[in-house]
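Hi,

Here is the structure I promised to pass on. Have a look, and my notes follow below.

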Amino acid sequence: MKRLVITMIIKMFAESILITTIIGAVIGVLGYVNKWDSSITYSNAFFLAGCLIIIAGASSRLSAGRDWENFQLLNAESFRNMSSGERAEYIINASSSLRLVILGSLSGILLMLISAIAAKIS
């Protein structure tokens, strides 16, 4: 069981680093095209991207939790043996997992760390 958890944690960090690398490359290309000449401009771009990634991850879970009331009225054969609470939990888990929140938070924190490093470079 510990091996499975460790494997999932490593995969989560790898995905977070991949997302951070892709976003960093996009910011680098934007900076090159727009001829950004100061490290503060790059720092601001990385910080803004980090904030947006954290907000996107958190809001995906929040919006999935709020929409469960619409699905409560859903009457289907596959939900026949489930209570309304089980049905709501199933729909929330199917539409957005906690994984997105963790992935967004990790990627956002990495981007903010890159922002702090870029601000120190003169």
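Contact here means heavy atoms within 4.5 Å.

Before the rest, some housekeeping. This is a predicted model, where local features need pLDDT of at least 70 and side-chain atom pairs count only at pLDDT 80 or more, while totals for chains, interfaces and linings use all residues. Residues are numbered from 1 along each chain as its sequence is written, and side-chain values use heavy atoms, with hydrogens and water left out.

The overall picture: the protein has 5 helices and 0 strands, giving the pattern α-α-α-α-α along the sequence. Helices (H or I, at least four residues) and strands (E, at least two) are DSSP runs, numbered from the N terminus. Of the 122 residues, 24% count as buried (buried is under 20% relative accessible area, exposed over 50%, partly exposed in between, with a 1.4 Å probe and protein chains only).

Now the pair formed by helix 1 and helix 5. The axes of helix 1 (residues 2-33) and helix 5 (residues 98-120) come within 9 Å and cross at roughly 50 degrees. Axes are lines fitted to C-alpha atoms, for helices over the stretch in contact, and angles run from 0 to 180 degrees between N-to-C directions. The two helices are therefore oblique to each other (under 35 degrees is roughly parallel, over 145 roughly antiparallel, 65 to 115 roughly perpendicular, and the rest oblique). On the helix 1 side, the residues that meet helix 5 include Phe13, Ile17 and Thr20, and their counterparts in helix 5 include Arg99, Leu103 and Leu110. The residues of this contact divide into 11 nonpolar, 3 polar and 2 charged (Ala, Val, Leu, Ile, Met, Phe, Trp, Tyr, Cys and Pro count as nonpolar, Asp, Glu, Lys and Arg as charged, and the others, Gly among them, as polar).

Which residues make up the largest nonpolar core? Its 6 residues are Ile23, Ile27, Ala45, Phe46, Ala49 and Leu111. A nonpolar core is a set of buried Ala, Val, Leu, Ile, Met, Phe, Trp, Tyr and Cys residues joined through side-chain atoms within 4.5 Å. Leaving aside neighbours within four places in sequence, Phe46 is in contact with Gly24, Ile27, Leu111, Ile114 and Ser115.

Ser43 sits in helix 2 and is buried, with a relative accessible area of 6%. Not counting residues up to four places away in sequence, Ser43 touches Ser115, Ala118 and Ala119.

Cheers
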